[in-house]
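Student: I would like to learn how to read a fold from its coordinates. Please take me through one example.

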Amino acid sequence: MAASKKKVIRKARKGDRIRQVAAIPFRLNEHGDVEVMLVTSRTTRRFIVPKGWPMKGKSGRKAATIEAQEEAGVLGKTLKQPAGTYCYWKRLANRFVRVDVVVYLLEVTEELADWEESKTRQRAWLAPADAAVLIDEPDLSTLVRNVRIPELEYSSKKKNPAFGKDHAQ
């Protein structure tokens with residue numbers, strides 16, 4: 001177990017709030033509509049977004065980018081402003097703790113065929129409304145359903161016909 005995860009669990013046992021960071025990978029499909037990527041969790045196989053613990057010396061945005069690469073095998077540009085937050089209850093050995101998650105949008109430019117957690121996770125590209133139905137956490141489901149891509153980021157990619165393809169650029 002990583003030292004930072006141990007520290008977080010100690011905080012949780014004391015009743016302190018704990019935080020994570022997450023990424024919602026997105027792309028535009030051939031019709032110009034937004035699609036988001038979900039991944040399965042390793043243990044319960046539920047659909048979630050890539051997320052993890054804050055990383056010492058890295059911003060929340062950078063940590064979310066790293067988690068997306070490790071868990072979903074995607075590379076791209078993580079937008080500066082968080083897309084929102086959600087809370088969920090994390091199962092520890094003998095209880096549940098509340099976790100607050102800051103979520104960033106990741107504009108996918110490359111989808112890797114082989115990535116760090118490819119043997120333990122599945123991934124799926126879905127319309128936000130369809131993805132929201134598959135997510136168990138109500139706050140995350142709402143966030144995904146209502147995802148909005150800032151116009152400046154969104155419109156620049158409409159001009160790039162290669163964006164949103166399933167192969168590396």
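Student: Which residues have the most contacts inside the largest nonpolar core?

Tutor: First, what we are looking at. This is a predicted model, where local features need pLDDT of at least 70, side-chain atom pairs count only at pLDDT 80 or more, and totals for chains, interfaces and linings use all residues. Residues are numbered from 1 along each chain as its sequence is written, and side-chain values use heavy atoms, with hydrogens and water left out.

Tutor: Now the general idea. In soluble globular proteins, nonpolar side chains tend to be buried together. A nonpolar core is a set of buried Ala, Val, Leu, Ile, Met, Phe, Trp, Tyr and Cys residues joined through side-chain atoms within 4.5 Å. Buried means under 20% relative accessible area, exposed over 50%, and partly exposed in between, with a 1.4 Å probe and protein chains only. Here the largest core has 28 residues, and I24, V36, V49 and V144 have the most contacts inside it.

Student: Which elements give two or more residues to this core?

Tutor: They are β1, β2, β6 (84–91), β7, β8 (123–126) and α4 (138–145). Helices (H or I, at least four residues) and strands (E, at least two) are DSSP runs, numbered from the N terminus. A second, separate core of 14 residues includes A64, V74, Y104 and L106.

Student: What does V36 touch?

Tutor: Contact means heavy atoms within 4.5 Å. Leaving out residues up to four places away in sequence, V36 touches I24, P25, F26, A124, W125, L126, P128, A131, V144 and V147.

Student: How many helices and strands does the chain have?

Tutor: Five helices and eight strands. Along the sequence they follow α-β-β-β-β-α-β-β-β-β-α-α-α. Of the 169 residues, 46% count as buried. Take contacts between residues at least 6 apart in sequence: 67% of them join residues at least 24 apart.

Student: Which strands do bridges join to β1?

Tutor: Two strands pair if DSSP finds at least two bridges between them. Nine bridges join β1 to β7 (residues 96–111), and the two run parallel. There, I24 has L105 as its bridge partner. β4 (residues 51–52) runs antiparallel to β1, with two bridges; V21 stands opposite G52. β2 (residues 34–40) is also antiparallel to β1, with three bridges, and L28 has V34 as its partner.

Student: What do β1 and β2 form?

Tutor: A hairpin, with five residues between the strands. In its turn, G32 has a positive phi of about 85 degrees.

Student: What span should helix α2 have?

Tutor: The expected span of a helix is 1.5 Å times one less than its number of residues. α2 (residues 60–72) has 13 residues, so it should span 18 Å; its end C-alpha atoms are 17 Å apart, which agrees. G73 follows α2, with a positive phi near 70 degrees.

Student: What covers the buried residues of α2?

Tutor: The cover includes β1, β2, β4, β5 (74–78), β7 and β8. The residues concerned are A63, A64, T65, I66, E67, A68, E71 and A72.

Student: Why does S141 count as buried?

Tutor: Because its relative accessibility is 8%. S141 lies in helix α4. Leaving aside neighbours within four places in sequence, S141 is in contact with A132 and I135.
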